[in-house]
Every structure is written in C-alpha cells, then in structure tokens.
Amino acid sequence: MSSSWWGGGKEEHGTPVVVKMDNPYSLVEIDGPGMDSAEKARRTKNAKQFKWVLLLRAHRAVGCVAWLAAGFWGLLGAVNRRVRRSRDADAEPDAEASGRGRIMLGFLRAFLLLSLAMLAFETAAYLKGWHYFPRDLPEQYLRQLPEHLQNLPEHLRHLPENLRHLPDGLRMPEQQEIQGWLHRAYVGWLAFRIDYIAWAIQKLSGFCIVLFMVQSVDRILLCLGCFWIKLWGIKPRLAAAADDDDIEDGDDLAAYFPMVLLQMPMCNEKEVYETSISHVCQMDWPRDRMLVQVLDDSDDETCQMLIRAEVTKWSQRGVNIIYRHRLSRTGYKAGNLKSAMSCDYVKDYQFVAIFDADFQPNPDFLKLTVPHFKGNPDLGLVQARWSFVNKDENLLTRLQNINLCFHFEVEQQVNGIYLNFFGFNGTAGVWRIEALEDSGGWMERTTVEDMDIAVRAHLQGWKFIYLNDVKVLCELPESYQAYRKQQHRWHSGPMQLFRLCLPAIIKSKIPLWKKANLVMLFFLLRKLILPFYSFTLFCVILPLTMFVPEAELPIWVICYIPMLMSVLNILPAPKSVPFVIPYLLFENTMSVTKFNAMVSGLFQLGSSYEWVVTKKAGRTSSESDIFSMAEDADTAHTHSHRPAPRLVRGVSEAGLEEWAKTHQHDNLQLKVKAEEAEEVTSLAAAIKKTSKAKPPNRIFKKELALASLLLIAATRSLLSAQGLHFYFLLFQGVTFLVVGLDLIGEQVS
C-alpha cells in the first residue's frame with residue numbers, strides 16, 4: 001500500500017485511523033509511531049480543535065444545567081413569596097372550627113415528620129445495601145431464597161424467629177455487616193414492621209378496598225339505570241295527559257293556575273340579587289295567582305337598601321312582591337324559610353317555589369313544574385335541574401360541573417324514576433305546602449335543611465319527581481375557598497341528619513326496602529363511606545405502603561378502577577373528557593375536606609353547625625347559555641306539544657326604558673323616579689366595582705402537609721422502583737401542592 005498521501009512519500013511506520021465527528025472541526029487523525037514533526041504539529045492542532053469542541057459542549061451542558069437550576073430556584077422563590085404574602089385560610093374568623101382543624105393539622109404534621117425520618121433512615125439503609133426488593137434481584141436468586149433462609153449460618157441463629165423467614169426480596173445481612181447501632185436499629189425496624197405494621201395496614205387496606213368496590217358497584221348500577229332511562233325515553237308525565245292521551249298538554253295546562261308562593265332567601269349577596277329578582281318577577285304566571293317573597297337576612301345596610309329598592313321597583317310595575325328582613329339570622333336559611341312560612345297569608349297558597357339568590361329561572365318554570373301536581377295528590381316535590389352560567393370560567397368550575405352533571409343526570413334522575421325519592425337540592429324546586437306542614441316544616445337542627453325536609457317527607461309517604469329537562473341557571477363557586485366551605489357544609493350536614501333521623505327511620509311505617517335504601521345507600525354508602533375510603537386509601541394507606549412494602553396496594557386499586565369510575569362520572573358531561581385525569585386527582589384532593597366534614601358532623605364538632613354563605617361572582621346568562629337552553633327547550637316542547645317559552649334576561653336600571661319599549665304589558669308601568677334610579681344604579685355600580693377586586697391569595701395548610709407527605713412517599717418509592725406508584729404519588733402530590741397554594745380557581749381564571 002502506498003504511503004505517499006499520508007506520510008509525504010516517506011516510509012510507512014504505522015496504520016492511520018480516521019475518526020469523524022458530527023462537528024466540522026472534529027476531524028481527528030491518529031497515527032502510530034515514526035511520524036515526523038510536521039505531521040505531529042498537524043495532529044497537535046487537530047487535538048486542540050477537538051479539545052475546544054469538547055469544552056464548547058461542556059459549556060453548553062453546564063449552561064443547560066444552570067438554566068434548569070435557575071428555573072427551579074425561581075419556582076421555589078415564587079412559591080416562597082406566595083406563601084409569605086398569602087393568608088392562612090384555616091386561621092380566618094369564618095374558617096372551619098379551630099379545635100378540630102388544629103387536631104387534624106397536628107396529625108398531618110406528625111405524620112409528615114415521621115415520614116421524613118423514615119425516608120432518611122430507609123435511604124441510609126439502601127445506600128449500605130441492607131434493603132432489596134424482588135424486582136431488583138436475579139430470578140435465580142429468588143428461586144433459591146427460601147432454601148437459603150432455611151439454612152441460616154451459625155452467626156444468625158440468634159435472630160428472632162420472624163427474621164429467619166423473611167418475605168421474598170429482603171436480603172439477610174452477612175456477618176461482617178452486623179455491626180453498629182444503625183444496623184441493629186434497621187433489623188429491629190424490619191422485625192417490628194413485618195410483625196405489626198404490615199399486618200395492620202393490610203387489614204385496613206382490605207377493608208377500604210371492599211368499601212371501594214361496593215361503592216363502585218353502586219356507581220355502575222346508577223349508570224346502567226340512567227342508560228336504560230335514556231334508551232327508552234322514560235320521564236315523568238303529567239297526570240292529566242296520562243289519563244287522556246287525546247288531550248293536548250297546552251289545553252290542559254291553560255286552566256290550571258293554582259296559587260303559588262315564590263320565596264327567595266338571600267344574605268349579603270349584592271352581586272346577584274338584581275338578576276335573580278328580575279328573573280323571578282318575570283314568571284309567566286297570572287299576577288294575581290303568585291306572590292314573591294324576598295327573604296333578606298343581610299346584615300349589610302347597603303345591601304339591604306339595594307334589595308329593598310329592587311323590590312320597590314318591581315312592586316311599582318304591578319308584581320306582587322314583598323320584602324322581609326330578620327334582625328337575627330337564627331337558624332340561617334332554615335330559620336329564614338320557617339319565619340316566612342309563618343305569615344298569615346301563606347294559608348291562601350297551595351305551592352311554594354324556592355330560588356336561591358343566584359338562580360335565574362326561565363319564565364315558563366312554573367308552567368313546566370306546577371302541572372305535575374294536578375291529579376297527583378301524593379306528590380310533594382317537583383325538582384328541576386341546575387345549569388351553570390360559569391361552568392367554563394376556570395379549571396375549578398369545569399371540575400365542579402363534572403360532579404354536578406353526574407349528580408343531576410344520573411343520581412337524581414335514577415332515584416326519581418325508580419324510587420320517587422331523592423335529596424331536595426334546596427332550590428329550583430316546587431313544594432306542596434301541605435307536604436311541608438305534614439312533615440313538620442323547616443327545622444333548624446342541621447345545616448342541610450333541604451335534605452332534612454326531604455327525608456321527613458319521604459317517611460310520611462310523599463313522592464318526589466325530578467325533571468331533568470327543566471333547567472335553571474345558577475353560579476358555581478369560582479374560588480377554592482368558597483368551594484371548600486360549601487363542600488364542608490354539604491358533607492357535615494348529612495352526618496348530623498343521619499344521627500338525628502336514624503330512630504325516626506327505624507320507627508317509620510314505610511316498607512323495609514325503603515328503610516334499607518335510606519340507611520345503607522342514601523346515608524352510609526354515599527355520604528359516609530365515600531369520603532372515608534377515598535381519604536384513607538389514597539391519602540393515608542398508599543403513602544404508608546411505600547415505607548412498608550409488605551403491604552403494597554395492587555395496581556388495579558390505584559389506577560384501573562379509579563380511572564373507570566372517573567370515566568363513568570364524566571360521561572354526562574362529554575365536553576369535559578380531556579379533564580378526566582385532573583378530575584380524578586382533584587377528587588382525591590377534596591377527600592381531605594370531605595372526610596374532615598364527615599367526622600365533624602358525625603361527632604357533633606363545632607364546625608358542623610357553621611353556615612357560611614357561598615361567595616357569588618354575579619355572572620349572568622351568556623349568549624351561548626341562552627341559545628343552548630333555548631334549543632333544549634325547543635326540543636322538549638316539540639316532543640310535548642307545548643309552546644316554546646320566551647327567555648327573558650334580567651334587566652338593569654339603565655335598560656329599563658328599552659325593556660319597556662319592547663315589552664308592553666298592560667299591568668306593568670314604569671314609575672321609578674329618575675333620581676332614585678340614578679342613585680341606586682350608581683351605588684350598585686360602585687359596589688360591583690369594589691366586589692370585583694382581586695381577592696388575596698390564601699394557603700391551605702392541610703393540603704400543603706399532604707402534598708409534602710405524598711411527595712416524600714413518591715421519593716421513597718424510587719428506592720424500590722415502584723413505577724406506577726411513583727407516578728401516581730407524584731401527580732397527586734403536585735395536585736395537593738397546587739390546591740394548597742390556591743393556584744386553582746379565580747386566582748388563575
């Protein structure tokens with residue numbers, strides 16, 4: 001082989017090797033011995049170029065690491081600033097009861113400190129090679145492990161009996177390793193863990209898994225019942241139409257206009273009073289056959305003045321409307337309704353419709369609900385469905401919409417069709433006044449007066465009807481603080497009621513299967529068991545099993561069944577399918593609040609009697625909401641041969657004149673003085689401007705403590721290479737962190 005090209009015509013002394021790199025400057029030639037000075041100089045130059053290339057790449061790598069470190073440090077700084085500037089939600093005057101809250105928070109802190117200590121201990125043992133898991137060991141060694149343990153060496157025979165037969169995957173230390181207090185402590189920890197902790201966790205997790213499966217079966221049966229209803233088009237029918245199919249509904253409805261009382265309880269809700277009063281006063285019902293009661297419990301004098309002015313405005317237009325104000329909020333909403341029902345003129349009315357302050361019923365609401373009472377003397381309640389004007393406002397409202405869509409579409413509809421019983425939702429419903437009086441009227445003994453009256457009416461034999469096609473617009477809480485307080489009231493009240501109603505249920509004359517449904521399904525399974533197993537299984541047992549691997553939970557409990565249940569929950573809201581995983585994680589996060597509330601209600605702790613009015617944002621019906629509901633109404637009326645309703649939005653003072661021009665009614669005359677209208681409008685605008693100020697950031701210590709606990713457990717799971725457990729704990733811990741820092745809801749709308 002000629003060497004003139006490589007060696008400059010000189011004799012060949014070695015075999016050349018050419019290494020080509022991706023970089024254009026990284027061509028390196030390496031030769032054997034015997035190379036002349038010129039060739040060596042050229043090789044030195046190429047080596048320097050190669051060195052510079054390596055330095056450049058190292059610089060880029062260091063820059064990337066520095067960028068990641070700076071980003072992580074900036075994130076920590078942002079979190080630190082947010083925590084320092086935030087307000088402790090649990091320390092606010094209207095927060096949950098301080099005694100119970102401190103006990104719960106103290107328990108979580110102790111649990112967190114213990115997990116930190118165990119993580120450090122287990123990490124030290126892992127680094128010393130004292131702890132292995134089956135997936136880390138060769139298959140051949142795993143097959144030989146039992147025989148090896150049965151023939152312990154002489155220096156290990158002094159160990160306790162339980163350590164001579166360790167579970168698969170735990171390596172028996174060698175003689176030279178058995179030294180020092182740390183190893184003795186680790187051996188003692190293994191013995192204690194295997195004999196006591198693992199056994200207790202396995203029993204508790206088995207119990208929770210059984211509850212989980214029972215609740216899952218109940219959820220599947222509800223979904224099958226809803227599917228059957230949709231498949232066959234089953235819905236409540238008017239008694240008159242059922243008796244004579246030849247009579248059109250419109251002809252039968254025209255002659256049925258009983259006396260109806262419309263009650264609107266409210267308290268310091270200046271953001272929504274105008275819209276709700278406007279919608280209720282525009283009901284398509286004879287004016288002499290209805291009376292509107294605005295039941296104001298506000299302690300804000302400005303809010304009282306605004307509501308009183310709004311009532312005066314509609315009274316001057318010919319609407320029968322009365323303003324009532326109590327000096328004391330005794331009994332909260334139940335006391336307000338009870339006081340209103342004690343008026344002498346109530347005896348002239350047959351039915352009462354109830355609307356909370358943020359509800360915006362359509363004008364045809366009474367025409368769609370009240371006729372169901374005709375020819376049905378056993379019917380005590382007609383409940384309509386809620387629809388939400390702000391369901392797409394932020395992530396929090398989207399997740400709430402999933403839950404409530406399942407509640408109304410599946411739970412309420414199935415129970416209404418097959419059982420004629422469900423929990424009254426407290427608003428958007430029409431009661432027969434006789435049924436209220438027969439059941440004992442409104443009682444102030446719990447914070448769920450709606451469920452209380454529904455259970456007592458059911459025990460008296462009254463039937464309920466749920467109308468899934470009749471929708472009433474309302475608001476969802478847009479901040480986590482408001483939603484948290486609402487859920488606390490909704491989950492502590494049922495436990496209060498269960499304790500109070502259990503003797504009455506047992507002594508009642510209703511059939512045995514109805515008693516079983518009330519006790520086992522309505523109260524225990526859906527109000528007590530659900531928050532208990534959700535919190536215990538996913539927030540307590542799962543992190544514990546990372547430190548006690550002998551009690552590891554199966555994958556199907558952590559992943560497959562929860563995902564299936566989340567998919568079933570999200571089916572009534574198909575547009576929310578992309579949020580199925582955030583929904584699953586958020587529901588586990590809310591289990592802390594629900595479990596807390598359930599315990600406080602069951603054991604009559606102080607916060608179970610707390611009533612905090614849910615904060616409203618004052619959202620009104622958007623055009624998409626109007627068109628959507630109009631299409632639904634047109635479809636419903638096409639099938640029922642009823643004329644489509646007119647959808648009328650609430651009007652403000654500034655729009656009264658235009659409203660009067662387009663809606664000429666003989667019995668409505670606008671007599672509001674210009675000065676009064678201008679004064680009220682300017683005051684309301686100033687209040688709304690003030691109320692729209694961005695609320696302060698809050699932190700939630702319980703959620704933050706659990707976030708730390710789950711992230712520590714995720715770190716511990718890395719030592720045992722538990723892949724799916726790690727990802728679940730990581731994402732669940734991050735979700736707790738986001739919620740604990742109040743980064744969900746109106747703060748990030």
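**Entry 1: a helix pair.** I began with helices α18 and α23, whose crossing is right-handed (the near helix is turned clockwise from the far one by less than a right angle). This is a predicted model, where local features need pLDDT of at least 70, side-chain atom pairs count only at pLDDT 80 or more, and totals for chains, interfaces and linings use all residues. Residues are numbered from 1 along each chain as its sequence is written, and side-chain values use heavy atoms, with hydrogens and water left out.

I found α18 (residues 580-602) and α23 (residues 723-740) packing at an angle of about 60°, with axes 9 Å apart. I noted contacts (heavy atoms within 4.5 Å): residues of α18 including Leu585, Phe586 and Val592 meet a set in α23 with Phe728, Phe731 and Phe736 among them.

**Entry 2: the cores.** Next I looked up nonpolar cores (buried Ala, Val, Leu, Ile, Met, Phe, Trp, Tyr and Cys joined through side-chain atoms within 4.5 Å; buried is under 20% relative accessible area, with a 1.4 Å probe and protein chains only). The largest has 88 residues, and Leu262, Ile277 and Trp431 touch the most other members. Strand β10 (residues 463-474) gives this core its largest share, 7 residues. Another core, of 63 residues, lies apart from it and includes Phe121 and Met495.

**Entry 3: cysteines.** How many disulfides did I find? The count is 0, taking sulfur pairs within 2.5 Å. I also checked Cys281, which counts as buried because its relative accessibility is 0%. Cys474 is buried too, at 1%.

Conventions:
Buried means under 20% relative accessible area, exposed over 50%, partly exposed in between (1.4 Å probe, protein chains only). Helices (H or I, at least four residues) and strands (E, at least two) are DSSP runs, numbered from the N terminus. Axes are lines fitted to C-alpha atoms, for helices over the stretch in contact, and angles run from 0 to 180 degrees between N-to-C directions.
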